[in-house]
Amino acid sequence: MNNKYENILTGIRPTGNLHLGHYFGATSNWVKLQNEYTTFIEIADVQALTDNFDNPDKVRKNVYELTIDLLSVGIDPKKSTIFIQSKIPEIAELTVFYSNLVTISRLYRNPTIKTEIKQKRELFGNDGESVTYGFLGYPVSQAADITAFNGTLIPVGDDQLPLLEQCREIVRKFNSIYGDTLKEPKELLSKSSRLKGLDGNEKMGKSLGNAIYLCDSEEIINKKITGALTDTKKIGKNDPADPNVCMVYYYHKLVNKDNVETVCNECKKGLRGCVACKKELISAMNKFLEPIREKRKYYEEHPEEVDSILKEGTKKARTQAISVMQQVKKNMKIDYFDE
Ligand code: TRP
């Protein structure tokens, strides 16, 4: 069933491949949502460039990598419109118009921006040089992403809530000045919280080297899981241990659901050694990843298909953006003449 009154709009920055955290926290949910709603998925290359403007090769490469990842997990281009942000000039136009409706101090107070600026300062020093105009303004651009497609339901993690609040403020301000034009978006909070890394770190990521990627080969999975953190108090193979401090158990819960109770009980009673337990997880993880890998292989071998999915998706998305833009320009009284 297609809910005609709501548009799903979500975005993702093409800065790296998808890992299990993305899968369980976001994309597996998008795969379900695409059956119920008109769904737009933006490959946010312009937003990726706010952080990576000096690395265009990285962004370019990851636009394709990410598209393949999305298709591999089951995003269906017949149901979801996958498009490239930079190819929709209306988003950039809207960003300029919205930038009049947001104060600089409000942007600095945005908790997501605040956290990200803090991280930048830790990396690059405290001189403020690291904060560009483009970076500070990305919440404005994200409001344009959402409203250009009449996005009303936005599947996000809780780190994105301040950006959505900022978007709603922009929408209200716009509508109060120029008349009812834009729709206010609501969040669709993803249920599962962030996944921990294989080393037990609260965050999973490339720089930490503790993530399992959907494109990891069997060999890499083998190596990564073999090195995962277990209960450090367990010395002998038959010592009882605490599964709740073990990352191997943590991942059993995700990809080995059928046997997870046995894993837990045997671990607590000292009936299973860590080596065997890791082997079982390696096999379950490879089984889980296999269909994803297969699809990836297909798209890697058919790059022209990936190109045409992006091209078609972008074309379709643009039609929607143009129609919103016409209304925006009319209400802002800048619809001077038809081209
Ligand atoms: N900021 C989001 C992230 O880093 C990506 C994004 C870009 C997005 N545009 C969006 C998310 C629009 C939701 C809606 O994950």
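A: Domain bounds, as used here, are taken from an automatic or database domain assignment. For the protein chain, that assignment gives domain 1 (3-196 + 303-331) and domain 2 (218-296). The model is predicted, with local features requiring pLDDT of at least 70 and side-chain atom pairs pLDDT 80 or more, while totals for chains, interfaces and linings use all residues. Residues are numbered from 1 along each chain as its sequence is written, and side-chain values use heavy atoms, leaving out hydrogens and water.

The ligand is surrounded by Leu9, Gly11, Arg13, Glu42, Ala44, Gln47, Gln142, Asp145, Ile146, Ile154, Val156 and Gln160 (each with a heavy atom within 4 Å of the ligand). By class, this shell has 5 nonpolar, 4 polar and 3 charged residues; Ala, Val, Leu, Ile, Met, Phe, Trp, Tyr, Cys and Pro count as nonpolar, Asp, Glu, Lys and Arg as charged, and the others, Gly among them, as polar.

An N or O atom in the side chain of Asp145 is 2.8 Å from a nitrogen of the ligand, and for a polar side-chain atom of Gln160 the distance to a ligand nitrogen is 3.0 Å. Of the 370 Å² that the ligand exposes when taken alone, the protein buries 88% (Shrake-Rupley areas with a 1.4 Å probe).

Strand S1 (3-12), helix H8 (138-147) and strand S4 (153-156) are the elements that give two or more residues to the shell; helices (H or I, at least four residues) and strands (E, at least two) are DSSP runs numbered from the N terminus. H8 provides the largest share, 3 residues. The loop between H8 and S4 contains Asn150, which has a positive phi of about 50 degrees although it is not a glycine. Most residues other than glycine have a negative phi.

To return to the two domains, the C-alpha centres of domain 1 and domain 2 lie 35 Å apart. Their contact takes 14 residues from domain 1 and 10 residues from domain 2, where contact means heavy atoms within 4.5 Å. Between them the domains bury about 1100 Å², 65% of it on carbon and sulfur atoms; buried area is the accessible area (1.4 Å probe) that two parts lose on being put together, summed over both. On the domain 1 side, Leu20, Ser72 and Lys196 lose the most area to domain 2, together 49% of what that side buries.

Definitions and conventions: Polar contact = N/O pair within 3.5 Å; in protein donor to acceptor, adjacent residues only side chain to side chain.
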